Amino acid sequence: MSARVLLPPGWPQPRGYANGMAARGRLVVTAGVVGWDEHGQFAYGMTAQCARIFANIAAILAEAGAAPADVVRMTWYVTDRAAYLAEGKAIGAAYRAVFGAHYPAMAVIEVSALIEDAAVVEIEAMAVVAET
């Protein structure tokens, strides 16, 4: 993928995300991915569910010939903003274990609940893969 981080002149460098991305290629989109394994068993807690979600997203992307480095946008839905903020460093470490130092455009939204009762976080991802 040929993607470019968008940072207007004079803006501060964001930490852990990009303000915007420009990319050209084939679009790959995931649904809202939750922190369960291939048997439908949920990990316990915000960080553990995030780690599982990152692995799940990588597996979905691989099915389309994409990789975590191809992601240009992520939307996170969390049920507990305070837990998300309190576990930020651990979530960041889990993120980097799968995505490395690749930080696409991201938004985090606090919601009152998710469809799966055991889910505390759900993430959608958009990737752009270079046309071959």
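User: Does glutamate 38 count as buried, partly exposed or exposed, and at what relative accessibility?
Analyst: The model is predicted, and the values here are computed from it. A residue counts as exposed when its relative accessible area is over 50%. Glutamate 38 therefore falls in the class named exposed, at a relative accessibility of 62%.

User: With which side chain does glutamate 38 meet in a salt bridge?
Analyst: Side chains of opposite charge can pair when their charged atoms come close. The structure holds one salt bridge. In this pair the N to O distance is 3.3 Å, and the partner of glutamate 38 is arginine 52.

User: How many residues apart are glutamate 38 and arginine 52, and where is each placed?
Analyst: Glutamate 38 lies in the loop between strand E4 (33-34) and H1, whereas arginine 52 lies in helix H1.

User: How many helices and strands does the protein chain have, and in which pattern do they follow?
Analyst: The secondary structure of the protein chain comes to three helices and seven strands. Read along the sequence, these elements give the pattern β-β-β-β-α-β-α-α-β-β.

User: Why does the protein chain count as compact as a globular protein of that length, and what is its radius of gyration?
Analyst: The C-alpha trace spans about 40 × 35 × 25 Å along its principal axes. For 132 residues the globule rule gives 14 Å, and the protein chain comes close to that value, so it is as compact as a globular protein of that length. The radius of gyration is 15 Å.

User: What share of the 132 residues of the protein chain counts as buried?
Analyst: The protein chain exposes about 7,500 Å², of which carbon and sulfur atoms supply 55%. Buried residues are those under 20% relative accessible area. Of the 132 residues, the share that counts as buried is 35%.

User: Leaving aside its neighbours within four places in sequence, with which residues is isoleucine 57 in contact?
Analyst: Isoleucine 57 is among the core residues that touch the most other members. When neighbours within four places in sequence are left aside, its contacts are Val33, Met74, Phe99, Ile123 and Ala125.

User: Which residues are included in the second, separate core?
Analyst: This second core is separate and consists of five residues. Among them are Ala18, Val72, Ala105 and Val128.

User: What distance separates the C-alpha atoms of threonine 75 and isoleucine 123?
Analyst: Threonine 75 lies in strand E5 and counts as buried, at 10% relative accessibility. Leaving aside neighbours within four places in sequence, threonine 75 is in contact with Ala107, Ile109, Glu122, Ile123 and Glu124. Although threonine 75 and isoleucine 123 are 48 residues apart along the chain, their C-alpha atoms are separated by 5.6 Å.

User: What distance separates the C-alpha atoms of alanine 3 and glycine 88?
Analyst: Alanine 3 is placed in strand E1 (residues 2-6) and counts as partly exposed, at 35% relative accessibility. Neighbours within four places in sequence left aside, alanine 3 is in contact with Met21, Ala22, Ala23 and Val72. Glycine 88 is 85 residues apart from alanine 3 along the chain, and the C-alpha separation is 26 Å.

User: Which residues form a nonpolar patch on the surface?
Analyst: One member of the patch, tryptophan 11, has its place in the loop between E1 and strand E2 (20-24). Together the members have about 290 Å² of accessible area, and they are Val5, Leu7 and Trp11.

Key:
Residues numbered from 1 in each chain as written. Predicted model: local features only at pLDDT ≥ 70, side-chain atom pairs only at ≥ 80, totals over all residues. Heavy atoms only, no water. Core = buried A, V, L, I, M, F, W, Y, C linked by side-chain atoms within 4.5 Å. Buried < 20%, exposed > 50% of the residue type's maximum accessible area, 1.4 Å probe, protein only. Contact = heavy atoms within 4.5 Å. Salt bridge = Lys/Arg side-chain N within 4 Å of Asp/Glu carboxyl O. Helix = DSSP H or I, 4+ residues; strand = E, 2+ residues; numbered from the N terminus. Patch = residues over 30% accessible without salt bridge, like charges linked within 9 Å, V, L, I, M, F, W, Y side chains within 5 Å. Areas by Shrake-Rupley, 256 points an atom, 1.4 Å probe, with all protein chains shown as cover. Rg over C-alpha atoms; globule rule 2.2 N^0.38 Å.
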